Amino acid sequence: MLVTRMRGDGLYDANSDMQRCILEAVSPLIDYAAVRAQIPTERTFTIVDYGCSEGRNSVESVKKIIRCVRNRDKSKWISVLHNDLPRNNFNRLFENLYANPQNSYLDSADDELAHLGGKVFAFASAASFYGRVAPDESVDFAISSSAAHWLSVLPDYSIRQHIFHAFAEPEEKRKLSRLAARDWQRFLLARAAEMASGARMVLTMGGRRLCEDGGLDDFGGREIFVLMNDVLKELVDEHRIMRAAYERFSLPIYCRSVEEVRAPFNDNQSPLPDQFTVEYAETHNQKCDRFERLRLFGAPSDYAEAVVETVRAYAQPVLEQGLFGTTEQLSKEHSKTLEILFSRMKDTIVKEPNRYVFEPVSLFVVLARN
Ligand SMILES: C[S@@+](CC[C@H](N)C(=O)[O-])C[C@H]1O[C@@H](n2cnc3c(N)ncnc32)[C@H](O)[C@@H]1O
């Protein structure tokens, strides 16, 4: 079973500008949801970030939510629960919070809030968000950004001739969509138990627009995934990666369509239509200034570096495990193979930066807990 994990040692934080841009783009929906989330009278206001990673982006988004809550109730005590999988670099998350006060949301870091006397508390939870993460009816604001497209599990050989689900064969696609539907349902049922009535949830995740005439759906990063797959196939031909390992492996990611996101709320057999109201669900083409500037006006090598390092920050740990069977230190040979993968991807992008436009489709969702 593949264990999802971003690169540690600050490498995810340093290479997640696209995810940061996604959070900036969803910011009006965070404001919308934060002014509507019910503030409990008898207990603290609880915010949970599901899939927080190393925390640079998580801390920023939580800060926005806290400001909105504080505008409504200046003295409310607030608990923040940062959730991710057990192998996540939580140390870095707490460094982001405590070692860097000017970027933190803790009251001590903010003159305006400091006089209120430290009413914000940060906690961590290392459990899969496909199960329960918080107690019953305790969550008032749930956020999850660029995380719910990671599947709980992806059986071996799910996609034999590619690494990304959009390029799977029709029968493989049907199986993957069932798997993704089951995960989405599990994610929602767990949140339904955790969220209090009147709570709000804001989600961003990798999305896709269905192609009407049976062609390839639009998910925004097409050429980059094609390139990664092509280079992996070259490495198989060069005997650097075993063919069986390539066929067994695929990225455990599924970009949902709006229709797939809405499906469980239209299912009469499910409790979800009574538990949630969908306030918003739309796809969005995500541009990021940094990538646009580099592609249009920068040196092609800087653009290639930025794109490939972003992909590497989220994909390298699953490639290591899926292709070479390790979650620990890679052998020299295998490390070299991955270096070749990423450097060939860069070399190709340098030659044609405009072919490799980095503009993923993101899906924004706002749910109200009834
Ligand atoms: C691309 S990062 C996004 C981090 C952050 N939310 C942001 O916007 O930059 C995705 C995170 O989701 C986490 N994740 C994936 N599957 C998860 C699961 N089942 N439960 C909890 N976290 C999960 C990964 O470990 C990773 O840290």
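This is a predicted model: local features need pLDDT of at least 70, side-chain atom pairs count only at pLDDT 80 or more; totals for chains, interfaces and linings use all residues.
Because Cys21 sits in helix H2 (residues 17-25) while Cys288 sits in the loop between strand S6 (276-285) and helix H12 (289-297), the pair ties together parts that are 267 residues apart in sequence. A disulfide, in general, is a covalent bond between the sulfur atoms of two cysteines.

Now show the sulfur atoms of Cys21 and Cys288, which are 2.4 Å apart; since the cut-off for a disulfide is a separation within 2.5 Å, the two residues form one. By this rule the count comes to 1 disulfide.

Then select Cys52, which takes part in no disulfide, the nearest cysteine sulfur being that of Cys21, 20 Å away. Cys52 is buried, and its relative accessible area is 5%.

Finally, move to Cys211 and display Cys255 along with it, for the closest cysteine sulfur to that of Cys211 belongs to Cys255. The distance between these sulfur atoms is 16 Å, which is too far for a bond. With the surface still shown, you can see that Cys211 is partly exposed, its relative accessible area being 26%.

Technical notes: Residues are numbered from 1 along each chain as its sequence is written. Side-chain values use heavy atoms; hydrogens and water are left out. Helices (H or I, at least four residues) and strands (E, at least two) are DSSP runs, numbered from the N terminus. Buried means under 20% relative accessible area, exposed over 50%, partly exposed in between (1.4 Å probe, protein chains only).
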